[in-house]
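Visitor: Could you take me through one part of this model closely, with the cut-offs behind each term?

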Amino acid sequence: MVELKTPAEIDQMRAVGRVVATALQRIRDKAAVGMRLTELDQVARSVLAEHGATSPFLGYQPSFAHSPFPAVICASVNDAALHGIPGRYKLADGDLVSIDFGATLDGWTGDSAISFTVGRPRPDDIRLIETAERALAAGIAEAVPGGRLGDVSAAIGAVARAAGYGLHTDFGGHGVGRTMHEPPSVPNNGRAGRGMRLEPGLVIAIEPWFMAGGEDSYYVDRDGWTLRSGDGSRAAHVEHTVAVTADGPRILTAL
Ligand code: MG
Ligand code: MG
């Protein structure tokens, strides 16, 4: 069942959203060539500790995973799109990094992701990241009362198709609230005018992820978590937790 949040509850979700945004900003500031992904995970752990927040990622084990997730961030580099485990890999010049991070504070959860490059960026990577960000903005713009969930999905899918990027709807957005993953599911492609009607109080994570090669296939790495593009092309993933309000979309995970 979809749980609508009151304005006071949305304010509480904004508080945890700020913690999420703070951690992602700090990771982005610290990430550099030569840094290990484990160090980026440590940055996020310190932000959680500073705010007395906990991690909804650590120990998370959905049905598709054969082991609990061992970290507080997902760090997905280059051909990795989602769910990358932050291991001892050292960032190299020109790497494309996607960091997904969530936090729980006072019983409410926020979920957000950013993609960026370290060192000298490849122009194609910048275009991929900017397109994913544009798709996120287009999806957020549709998160208004009276709209339909399919409007959000269709807006994201249209941006990916126009750019020629690969899109897969197996993983996408979702309701967020007392837990990280709640109904409804918010696919990254769909038909405008279809799906549930958007009402004030609906809080959803909108999270486009695109693969530069244009193929829609992916595979899961031997670690059981890391999702990689089927053709080895690079991927980007961006996400915000967004509340539908009478005044329009409110981004809860911006700084
Ligand atoms: Mg996320
Ligand atoms: Mg999410």
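Guide: Donors are the N, O and S atoms within 2.8 Å of the metal (3.2 Å for Na, K and Ca), and since water is not among the atoms, sites may look incomplete. This is a predicted model, in which local features need pLDDT of at least 70 and side-chain atom pairs count only at pLDDT 80 or more, while totals for chains, interfaces and linings use all residues. Residues are numbered from 1 along each chain as its sequence is written, chains are lettered from A and ligands numbered from 1 in the order in which they are written, and side-chain values use heavy atoms, with hydrogens and water left out.

Asp100 belongs to strand β3 (residues 96-105), whereas Glu239 sits in the loop between β12 and β13 (240-245), so the pair ties together parts that are 139 residues apart in sequence; strands here are DSSP runs of E with at least two residues, numbered from the N terminus. Asp111 coordinates both this ion and the magnesium ion (ligand 2), the two ions being 3.1 Å apart.

Asp100 is buried, its relative accessible area being 9%, and Glu239 is likewise buried, at 0%, where buried means under 20% relative accessible area, exposed over 50%, and partly exposed in between (1.4 Å probe, protein chains only).

Methods
Helix = DSSP H or I, 4+ residues; strand = E, 2+ residues; numbered from the N terminus.
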